[in-house]
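Please keep the sequence and the coordinates in view while reading.

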Amino acid sequence: MSIKPEHEKPSDTKVPTPHEPRRPAPPRHRRAGGGRALALLRIAMGLVFLWAFADKLFGLGYSTAAAGAWIRGGSPTRGFLGSVDVGPLASTFHAWAGAWWADWLFVAGLLGIGIALLAGITLRITAVAGTVLLLLMWAAEWPPARFTVAGEATHSTHPFLDYHIVYALVLVALATTLAGNTWGFGHRWAAFTGDRAWLR
């Protein structure tokens, strides 16, 4: 007696479809050019913060006169915060002006952010700290106000955006594009921090 083979049931597995063709990677020289541009932006931002630190510390005669240098007993925050005359936080900034902890935090922030940007390390922490500092300075100048409490024009050029916001966006962009890998110690720092990506 012959046994007839049963008809094979159709398989539930799907036939794999060919993968979509990958888009060609950008040319090497284009990627290198973008990395150098971000590195230049990072270094420029670092010099902005370090110059502000040096000017407050030594009184280089730009925003801080020699007599107002921190090493000569001046206060890095008294002049700026004490002259705030716009915005809802004016009284708060007046209370902070000249306080020892405000002076130390301000100067240490300028120095730390500047060094981190030049070295190309801890850019994520730097972006957070720098953004907080810049937003506080933005609130002190309060661009939305067109007139001071005395009725004088503030000469604000935009109701929201100013260089503090632009600088903060630059810090975020540098932190999210691995800008420390070119002309910086980003690769070595990443190897040192390992899986702790928030330290990069």
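The side chains of Tyr 163 and Glu 141 are joined by a polar contact of 3.5 Å; such a contact is a pair of N or O atoms within 3.5 Å, where within protein one must be able to donate a hydrogen and the other to accept it, and where residues adjacent in sequence count only if both atoms are side-chain atoms. The model is a predicted one, in which local features need pLDDT of at least 70 and side-chain atom pairs count only at pLDDT 80 or more, while totals for chains, interfaces and linings use all residues. Residues are numbered from 1 along each chain as its sequence is written, and side-chain values use heavy atoms, with hydrogens and water left out.

Tyr 163 belongs to helix H6, residues 163–176; helices are DSSP runs of H or I with at least four residues, numbered from the N terminus. With a relative accessible area of 42%, Tyr 163 is partly exposed, a class that lies between buried (under 20%) and exposed (over 50%), computed with a 1.4 Å probe on protein chains only. Its C-alpha is 8.6 Å from that of Trp 138, although 25 residues separate Tyr 163 and Trp 138 in sequence.

Rings of Phe, Tyr and Trp (its six-membered ring) pair if their centres lie within 6.5 Å; planes under 30 degrees apart count as stacked, over 60 as edge-to-face and the rest as tilted. By this rule there are 8 aromatic pairs. Trp 51 is partly exposed at 44%, whereas Tyr 62 is exposed at 65%.

The rings of Trp 138 and Phe 160 have centres 5.8 Å apart and planes at 65 degrees, so this pair is also edge-to-face. Trp 138 lies in helix H5 (residues 123–141) and Phe 160 in the loop between H5 and H6, so the pair links parts 22 residues apart in sequence. Trp 138 is buried at 12% relative accessibility, while Phe 160 is partly exposed at 44%. Elsewhere, Phe 93, Trp 96 and Trp 101 form one aromatic cluster.

Helix H4 covers residues 100–119. Its buried residues include Phe 106, Leu 110, Ile 113 and Leu 117. Gly 120, with a positive phi near 80 degrees, follows H4.

How values were computed. Helices (H or I, at least four residues) and strands (E, at least two) are DSSP runs, numbered from the N terminus. The expected span of a helix is 1.5 Å times one less than its number of residues.
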